[in-house]
Amino acid sequence: MTTDRVIFVTKEEHEAPSNAELVEEDPDDPYEERGLILPNGEINWNCPCLGGMASGPCGASFKEAFSCFHYSKEEVKGSECLEQFRGMQECMQRYPELYPQEDDKETQGGPSETDPSKQDSAPEPTPTPAAPVQDSSPSTAPADTPPPSNSSASG
């Protein structure tokens with residue numbers, strides 16, 4: 001843990017060029033943002049790219065599974081880690097509000113309207129109301145509409 005120091009300087013000392021020495025950063029500092037894998041090959045559990053998965057109720061099982069995969073020497077990387085990943089998945093299923101499943105998202109919000117691959121069929125067109133049908137009886141015809149002509153009448 002670092003502590004702060006208060007240093008008092010005179011006006012003359014403040015105006016003089018600084019003689020402070022900068023300390024080179026420690027490449028193994030786990031709190032420095034350096035990506036997922038640190039220069040020494042270890043996993044940076046503080047990487048924001050993990051989205052908080054290393055903490056929370058399933059953080060320990062996530063770390064166990066991810067570590068197993070990262071350090072795997074198998075021909076099919078991580079093939080020996082199935083039990084760890086199964087344990088992590090079971091933990092996440094106990095906390096669906098923290099770790100929603102992909103199919104849960106679709107069930108709650110329906111299939112994505114912007115991703116046609118998520119839809120089973122093309123959307124049905126929205127029905128438009130039909131134009132009103134005019135009744136030819138004199139009682140319902142508009143006042144400015146002439147009565148229909150009877151073409152079969154002789155004249």
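For residues 58-94, the UniProt record, an unreviewed entry, lists "domain: CHCH", and such annotations may be inferred rather than shown by experiment, with positions given in the numbering used here and feature names shortened. This is a predicted model, in which local features need pLDDT of at least 70 and side-chain atom pairs count only at pLDDT 80 or more, while totals for chains, interfaces and linings use all residues. Residues are numbered from 1 along each chain as its sequence is written, and side-chain values use heavy atoms, with hydrogens and water left out.

The span 58-94 is 65% helix and 0% strand, and its end C-alpha atoms lie 9 Å apart; helices (H or I, at least four residues) and strands (E, at least two) are DSSP runs, numbered from the N terminus.

Helix H2, residues 59-70, packs against helix H3, residues 82-93, at an angle of about 155°, and their axes are 8 Å apart, where axes are lines fitted to C-alpha atoms over the stretch in contact and angles run from 0 to 180 degrees between N-to-C directions. H2 and H3 are therefore roughly antiparallel, a term for angles over 145 degrees. The residues in contact (heavy atoms within 4.5 Å) include Phe62, Phe66 and Phe69 of H2 and Phe85, Met88 and Cys91 of H3.

The structure also holds 3 disulfides, a disulfide being a pair of cysteine sulfur atoms within 2.5 Å. One of them is formed by Cys47 and Cys49, whose sulfur atoms are 2.3 Å apart, and this link of Cys47 and Cys49 is right-handed, with 130° about the S-S bond.

Note on methods
Parallel < 35°, antiparallel > 145°, perpendicular 65-115°, else oblique.
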